[in-house]
Each structure stands twice: as structure tokens, then as C-alpha cells.
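Colleague: Could you walk me through this one slowly? I'm still new to reading structures.

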Amino acid sequence: MAFKEFDVFVIGTGTAGKSVAKSCIAEGMSVAIADNREFGGTCANRGCDPKKVLVGLTEILDRSQKMLGHGITKMPEFSWEELQNFKKTFVDAVPAATEKDLKKLGIEMYHQSPKFLDKNTLSVEGKTVKAKKIVIATGNKALELKIPGAEHLKISDDFLSLEKLPETMLFIGAGYIGMEFAHIAARCGVKVTLVDAKPRPLTNFDEAMVKHIVTASEEIGIDFIFNAKAASVEKLQKNYRLTANQEGKEISVKAEMIFNTAGRIPSIEDLDLEKGNVAFTKKGISVNEKLQNTTNESVFACGDVSDSKGLPLTPLSSQEARVVTSQLLDKQEKEEAIYPPQPSVVFTLPNLASVGLSEKEAREKGYEIIVEEKLVPKWFNAKRINAKIYAYKTIVDKKTGLILGAHLVGPEASEIINMFVMAICGKLTCENLKKNDFCLPNLGK
């Protein structure tokens with residue numbers, strides 16, 4: 001039987017996968033790409049992009065609420081249906097446009113998750129294909145909760161495509177997805193409850209800064225239930241009931257919709273990795289500094305699915321795709337994965353943003369540090385928009401004056417954090433940073 005053979009076979013059509021495929025085809029290599037969902041990946045179709053469109057409306061509502069009685073005389077009306085229609089203008093054309101683009105370049109496309117048959121052979125759409133190199137860029141997917149009644153749970157995809165908002169919502173998991181969606185829903189009039197097995201939300205972020213986010217969340221009517229592990233979900237006549245174990249006691253909460261936002265895991269279960277001798281962990285495909293698999297030298301992984309030092313963020317997917325591409329192309333210069341301080345943002349309102357070391361991490365690494373932590377609602381740019389929560393925490397190396405970490409809460413913290421990214425990566429001391437002239441008034445003062 002004749003097999004189709006390719007120089008490179010890419011699994012996944014998100015930011016990382018598309019980038020590798022396009023770079024390789026441009027160098028004259030034969031390339032195929034596959035996806036078991038709509039082409040274009042999570043970020044563009046059902047992640048960052050549509051989420052930020054919905055956040056855009058809530059920014060207006062939040063700003064209006066803060067200025068009510070200070071120039072705003074009544075809250076603006078809004079239409080969730082019209083907002084969803086606006087969101088569709090960003091996402092609906094993505095799959096077809098992605099396929100058209102890839103086809104024009106001469107990349108062969110498959111619409112199924114391939115399965116490994118051996119180290120260089122895949123089965124896809126009932127066909128057997130061979131590839132000299134295989135790139136796994138399948139991203140992450142929602143973690144399934146193994147509890148009775150889990151079939152009643154909705155996930156982030158469902159939230160982003162809701163045609164109508166219910167009166168009540170419950171989110172299992174207070175990570176960044178649960179928190180962001182809770183803020184969107186609450187500002188649109190939904191009564192929201194967040195349940196988490198841990199003692200606080202957003203455990204990957206600075207605890208002091210997260211406390212400000214909890215305060216802001218409670219002020220818009222969000223209820224938190226912590227130290228509560230989901231046990232089961234039951235369908236009632238109108239609502240669903242979540243039963244959870246909270247510190248040895250059984251509790252229950254009802255809502256019209258319950259969302260599983262308990263986390264995301266690598267999307268690798270359909271690949272039959274064992275048959276391809278592809279090593280993997282709970283965090284994804286095992287890779288070395290070249291993003292090459294540790295047990296199958298023909299396999300590379302980039303983006304959220306790689307068990308690398310990179311955070312599961314779209315900008316890092318692009319960086320890792322470049323590293324993988326350099327390994328695949330017949331060129332002398334080969335890049336290795338280098339991870340500078342990586343900023344991370346939670347798009348609640350106010351934003352929570354972070355880059356660099358936390359206070360705990362800095363102390364564990366042996367730094368003698370200067371920590372400055374302040375809530376500054378009286379700064380001009382907080383006062384002029386009536387923002388009561390405007391805070392920061394900086395970690396500086398006492399010996400060198402270099403900034404080691406920055407943690408921000410406030411309007412536009414997602415933008416201000418980029419100044420600290422440049423300061424840390426550029427090895428600017430506090431004094432050097434202060435010597436720069438910035439426009440005034442700005443959001444950083």
C-alpha cells in the first residue's frame with residue numbers, strides 16, 4: 001500500500017501549529033496539518049479573542065457604575081444578543097479563512113485527530129501517512145470533572161456562545177477562566193457563585209493582590225465558597241444543584257447553569273502517544289531545550305501542549321513555534337527555548353497583572369529584597385475615574401536595585417505591566433527607570 005509522505009506533519013492549527021506549518025512550507029518542505037476541531041485554534045475561536053470582546057462591554061458598564069453621580073446620570077442599557085453578534089464578527093470567519101490561507105500555501109489539511117502507529121507513522125481520516133518530523137501543537141482543553149452528574153456541566157466554550165444569560169450561574173473553579181467569566185456575568189446582571197477546593201482564588205498570583213480582586217468581586221455581588229470540593233451535580237426542575245464537601249461537611253448550591261472552570265489539561269488523549277514512543281506528563285509532551293520530545297527524536301511540541309518552562313499563553317506559543325521551526329529547517333542556526341520573565345494577566349475588573357518573581361520566590365532564591373506594597377486610590381488617575389482599588393507590589397533586589405517582580409491591580413494593569421516586562425528584561429534598576437520621562441498624567445502614577 002502506498003503511503004503519503006511528508007517532511008513535516010503538524011497536529012493543531014492554533015497560533016503555534018500554523019506558524020510552524022507556514023514557515024516550513026515557505027522553505028520548500030512538504031507539509032500537512034490536522035485538527036479535530038474548527039481550524040484556527042483556541043485563542044481565536046473560543047478563547048482570548050472572543051473573551052476580550054465580551055470584556056469590552058463590561059469595561060463600559062464598570063466605568064459607568066464608578067462615575068454614576070459624577071457625570072453619569074444613569075447606567076447604559078445593553079443587549080447581550082447584540083454583544084454576541086458583535087463577537088461573531090471576530091470569530092465566525094476564522095475557520096474558513098484559516099483553511100483558505102493554508103490551502104493557498106499548498107499545505108495539505110486533515111480534519112481529524114491523528115493517531116500514532118509508530119514513531120513516524122500516523123493514522124488520520126482512515127489513511128496512513130508518514131512524516132520525517134511530527135509537531136504536536138494541540139493546546140489544552142477543559143479538565144473533565146469525574147463526579148456524578150458531570151454531563152450537566154458546561155465549559156468555557158458554552159459560556160462564550162451563550163445566546164441568553166440566566167438569572168443565576170455557578171462556576172466550579174476560581175482560576176483565571178472562572179474569575180473572568182464570573183466578572184462578565186455579574187456585571188451583566190447575573191447572580192454568580194464561585195466554588196473552589198482551595199482556600200482562595202487565583203493561587204498562582206500574589207495573595208495580597210488577589211485579596212483586592214476578591215473585594216472587587218464581592219462588591220459586584222459575586223459569592224465565594226472556598227475549601228469546597230465538588231462531589232456531584234443534580235438536575236432539578238429549573239436549576240441544577242451542586243453538592244460539595246467543605247471541610248468535612250456536605251453543602252449544596254443551586255443555579256440555572258453550572259460551569260466547569262476547574263482548569264485545563266493538555267489535549268493529547270486521542271493521539272495514542274505510547275505507540276509513537278512519545279513521552280508525556282500531566283503537563284504535556286515531554287521536551288528538551290530544543291522542544292524535541294525526550295524519547296522520540298522525530299517529534300517536537302510547542303505551545304500549551306508542551307511540558308516546557310513556558311506559560312500556557314499565546315505569545316509564548318509563537319516563541320516556541322519559532323524554536324521548533326529553527327530545528328526543522330535545514331539551517332545552521334538552531335534556536336533553543338529561552339524564557340524571559342513572562343507577564344500574565346487576569347481580565348477581571350480591575351485587572352490583575354504579574355511578571356517576574358513573587359515575594360516568596362525571591363526569598364527562596366536567596367535574594368535580599370525590598371518589597372513595596374501599596375493601595376493607592378488617591379493617585380490622580382485612580383481618583384479621576386473613581387477607582388477605589390488601585391494597588392501594586394514590587395520586589396527589588398537590595399544589592400543591585402534591579403526589579404525582580406511586579407504585581408498590579410487596577411484599571412489597565414494589563415498594559416502597565418508591559419513597562420515592568422521591559423524593565424526586568426532590560427535589567428533596568430529602579431533609579432534608571434525613574435530617570436525616564438513619561439507623559440503625565442499616566443496610569444502608572
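**Strands and helices**

Modeller: Let us begin with strand β12 (residues 240-246), which is joined to β13 by seven bridges, the two running antiparallel. Strands pair if DSSP finds at least two bridges between them, and strands (E, at least two residues) and helices (H or I, at least four) are DSSP runs numbered from the N terminus. This is a predicted model, where local features need pLDDT of at least 70 and side-chain atom pairs count only at pLDDT 80 or more, while totals for chains, interfaces and linings use all residues. Residues are numbered from 1 along each chain as its sequence is written, and side-chain values use heavy atoms, with hydrogens and water left out.

Colleague: What stands opposite tyrosine 240?

Modeller: That is alanine 255, in β13.

Colleague: And what is the order of the strands in the open sheet?

Modeller: The three strands are ordered β11-β12-β13, with antiparallel pairing, and β11 (228-235) and β13 (249-255) are the edge strands, each pairing on one side only.

Colleague: Switching to helices, at what angle do α3 and α7 pack?

Modeller: Helix α3 (residues 48-66) and helix α7 (residues 176-187) pack at about 50°, with axes 9 Å apart; axes are lines fitted to C-alpha atoms, for helices over the stretch in contact, and angles run from 0 to 180 degrees between N-to-C directions. The two helices are therefore oblique to each other, since angles under 35 degrees count as roughly parallel, over 145 as roughly antiparallel, 65 to 115 as roughly perpendicular and the rest as oblique.
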